[in-house]
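Thanks for coming. I will go through one model this morning, starting with the chain as a whole and then taking a few residues in turn. Please have a look at it first.

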Amino acid sequence: MNGGERRALLHYRLRGYRLLDANARVGRYELDLVLRRGSTLVFVEVKQKSGQAYGHPLEMIDEDKARRVATAAAGWLAARPQLGGLKVALEAAGVQGRRVERVPLM
């Protein structure tokens, strides 16, 4: 897990989420964070930039990347049928320094 992912994980943990998986490989794809809070599963794509010279980290996530996260999330969930009844959310977390900004994917 890299520094941006650790920072994002801390952000989520402080809000009551529990880590189920990190850097999970699903076929050719990877899920950065898989979290749960209550009856909701959240699959998170984390992007980090150290400075503002090249834009915001969330600008690095395009439609194709969002589609890959959705495909990986479906595969991860299919391998765990006991979690099938949970609500699913896809999010991107942009990390700049200590700040974490979350947005829904798709």
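What percentage of the 106 residues in the protein chain do buried residues make up? They make up 42%, where buried means under 20% relative accessible area, exposed means over 50%, and partly exposed is in between, with a 1.4 Å probe and protein chains only.

Before going on, the ground rules. This is a predicted model, so local features need pLDDT of at least 70 and side-chain atom pairs count only at pLDDT 80 or more, while totals for chains, interfaces and linings use all residues. Residues are numbered from 1 along each chain as its sequence is written, and side-chain values use heavy atoms, with hydrogens and water left out.

Now the overall layout. The protein chain has 2 helices and 5 strands, and along the sequence the pattern reads α-β-β-β-α-β-β. Both kinds of element are DSSP runs numbered from the N terminus: helices are H or I with at least four residues, strands are E with at least two.

On dimensions, the C-alpha atoms fill a box of roughly 45 × 30 × 20 Å along the principal axes. The radius of gyration of the protein chain is 13 Å, which agrees with the value near 13 Å for a compact globule of 106 residues. That radius is taken over C-alpha atoms, and the globule rule is 2.2 Å times the number of residues to the power 0.38.

Contacts next, meaning heavy atoms within 4.5 Å. Of the contacts with a separation of 6 or more, 55% are between residues 24 or more positions apart.

As for the surface, the protein chain exposes about 6,100 Å², and carbon and sulfur atoms supply 47% of that. The areas come from the Shrake-Rupley method with a 1.4 Å probe; for residues, only the protein chains shown count as cover. Charged side chains number 19 positive and 11 negative, and the centres of the two sets lie 7 Å apart. Lys and Arg count as positive and Asp and Glu as negative, leaving out His and the chain ends; a charge is placed at NZ of Lys, CZ of Arg, CG of Asp or CD of Glu.

Leaving aside residues up to four places away in sequence, G4 touches V46, Q48 and V95.

Is Y12 buried or exposed? Buried, since its relative accessibility is 0%. With the same exclusion of sequence neighbours, the contacts of Y12 are Y17, L35, V44, E91, A93 and R102. Y12 and L33 are 21 residues apart in sequence and 10.0 Å apart from C-alpha to C-alpha.

Strand β1 spans residues 18–26 and contains N23. N23 is not a glycine, yet has a positive phi of about 50°. Most residues other than glycine have a negative phi. At 24% relative accessible area, N23 is partly exposed.

E45 belongs to strand β3, residues 40–48. E45 has a relative accessible area of 3% and is therefore buried. Beyond four places in sequence, E45 touches several residues, including E30, D32, K65 and E91. The side chains of E45 and K47 are joined by a polar contact of 3.4 Å. A polar contact is a pair of N or O atoms within 3.5 Å; within protein, one must be able to donate a hydrogen and the other to accept it, and residues adjacent in sequence count only if both atoms are side-chain atoms.

Two more to finish. A74 is in helix α2, residues 63–78, and is partly exposed at 47% relative accessibility. Its C-alpha atom is 12 Å from that of E30, 44 residues away along the chain.

V100 lies in strand β5, residues 99–104, and counts as buried at 15% relative accessibility. Among the residues that V100 touches are R7, A8 and H11, as well as A93, with residues up to four places away not counted.
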